[in-house]
Amino acid sequence: MEKLLKELQAAELERQTRRYFLQTLGTGIGSLGFGSLLGSCGYFEKDKVASAPLQSADAMGVRLPQFAPKAKQVIYIHMAGAPSQLELFDYKPELEKYHGKDCPAEFLEGKKFAFIKGVPKMLGPKGKFAQHGQSGAWISDYLPYLQTVADDVSFVKAMYTDQFNHAPAQLLMHTGSARLGRPSIGAWTVYGLGSENKNLPGFIVLASGGKQPDAGKSVWGSGFLPTVYQGVQCRTGGDPVLYVSDPQGMNRDIRKQTIEAINEINKQAYEEVKDPEILTRISQYEMAFRMQMSVPEVMDVSKEPKYILDMYGVKPGEGSFAMNCLLARKLVENGVRFVQLFDWGWDTHGTSEDGSVEIGLHKKCQASDQSVTALLKDLKMRGLLDETLVVWGGEFGRTPMQENRDGQVLPYSGRDHHLDAFTVWMAGGGVKKGFSIGETDPLGYYGVKDRTHVHDLQATILHLMGFNHEKFTYPFQGRNFRLTDVAGKVIKPILA
């Protein structure tokens, strides 16, 4: 009750501000100017993409895409830190011949690196490569489980980006911009399609590895979209969402009455000021109440058969990347539109054992390979893979030369950040099986055939979800914004 009184007091104080005065002007230049400002911030529905009103208490209702989609939901697996493509997928036997030799001058002239100084030595691949499946995909022995599903996966091998530092590169990968403030791809997806389960958020995030991504929670934020579309981070231990349980001494009926009282105040405030974020707040209070029952049930794996737990490598009660992969399947099975997995610890500079390509990268692969492969097999076994798009990758690639710092050789084998070539793979919803696009030069430095940009990947994901990335926009600050900014093209050869 005390909190309600404080909220009423805050609302009363807000009514005394200049902003409130301008909002409530009935006539005059002030109201016209303020009205145009609201329109430029997305207050008025100018965009025709969504079939339901953008600002409503039912903002998460199901909406139709622009055209028939190939995928209904997305599981995006981001290995934060950027795994080395040269140890995993991009086999370069020529690089082995140059191991230990000085880096060619043309690789260094006019280039900027995060840490490399002077003339580094070339570094041969540490993984042992072989071709797998009928497709003949090159996959190293770092990923023995993934080798068994090579014919279900399509590789994009000559991808490039504009950023060589983790935070801006992660932002670019997930929001289309290296700067803060843009909506994430998950938020765009839910804004366009809504949610099929009114008791669960349309966009859920699961993080592992002990740390958050370098770019923080902005990589699953809603930016200038209403906050109802931002990702909801769930935990794999304790309450899946903080404060989802009723406080001690409060039963469910009291909780319901409290939320109804809060929302009544919010509705009155909306009628006075017409701030669309108030509707978002109402929707979120109602969603939080429904989540109290639905989220714990969906996040409970105790009823999963033992063979499923063993397939993923899950230990009940232990939060892990493997657990997150299993939960991702359960979430899309229950109508969650976009599931984002972040796993921290894939940065391999060679400064430590865990940060090396010969030991640390191998350990990260051992901790994730089985569960990622199990996810693909499980989705396929349940008939969900054809309608679920699975994406795997990091924010950039790694250099074909050994990293050095201040001209000093590091104690372990490591590679610096590299923006000119890296590998992402996709599987499921609308993607060809056992396909590969893109080719890098013999040393794995430049893309020489079918190069694809980060914006191309984003355009392709949206296309598979039923949207033309050039026409899927949101009005903000006087112009229409889109995920792919002013670039991007669909990677058509990869489409099934």
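Start by selecting Lys364, which counts as buried at 17% relative accessibility. Buried means under 20% relative accessible area, exposed means over 50%, and partly exposed lies in between, using a 1.4 Å probe and protein chains only.

Two notes before moving on. The model is predicted, so local features need pLDDT of at least 70 and side-chain atom pairs count only at pLDDT 80 or more, while totals for chains, interfaces and linings use all residues. Residues are numbered from 1 along each chain as its sequence is written, and side-chain values use heavy atoms, with hydrogens and water left out.

**Salt bridges**

Helices (H or I, at least four residues) and strands (E, at least two) are DSSP runs, numbered from the N terminus. Asp343 is buried too, at 4% relative accessibility.

The term salt bridge here means a side-chain nitrogen of Lys or Arg within 4 Å of a carboxyl oxygen of Asp or Glu. Side chains of opposite charge can pair when their charged atoms come close. The whole structure holds 23 salt bridges.

Next, select Lys363 and Asp354. Their side chains form a salt bridge at 3.6 Å, N to O. Is Lys363 buried or partly exposed? Lys363 is partly exposed, with 39% relative accessible area.

Now jump to Glu87 and Arg415. Here the salt bridge spans 2.8 Å, N to O. Glu87 belongs to helix H4 (residues 85-88) and Arg415 to strand E12 (residues 415-418), so the pair ties together parts that are 328 residues apart in sequence. Both Glu87 and Arg415 are buried.

Then highlight Glu304, Arg329, Lys330, Glu333, Asp378 and Arg382. A network of salt bridges links these residues.

**Cysteines**

How many disulfides does the structure hold? It holds zero, where a disulfide is a pair of cysteine sulfur atoms within 2.5 Å. Select Cys103: it is buried, at 6% relative accessible area. Cys325 is buried as well, at 0% relative accessibility.

**Strand E8**

Select residues 388-393, strand E8. Six of its six residues are buried. Look at each face in turn. Thr388, Val390 and Trp392 are buried on one side, and Leu389, Val391 and Gly393 on the other.

E1 and E8 run parallel, joined by six bridges. Two strands pair if DSSP finds at least two bridges between them. Find Ile77, which stands opposite Trp392 in E8.

Then show strand E13 (residues 422-428). E13 pairs with E8 in the antiparallel sense over four bridges. Gly428 in E13 stands opposite Leu389.

**Nonpolar cores**

Select Ile75, Ile77, Leu376 and Trp425. Of the 53 residues in the largest nonpolar core, these touch the most other members. The largest share of this core, nine residues, comes from helix H12 (residues 321-333). A nonpolar core is a set of buried Ala, Val, Leu, Ile, Met, Phe, Trp, Tyr and Cys residues joined through side-chain atoms within 4.5 Å.

Center on Ile75. Leaving out residues up to four places away in sequence, Ile75 touches Ala328, Val332, Val339, Leu375, Leu379, Thr388, Leu389, Val390 and Val391. Contact means heavy atoms within 4.5 Å.

Last stop: Val219, Val228, Leu464 and Leu483. They are among the 47 residues of another core, which lies apart from the largest one.
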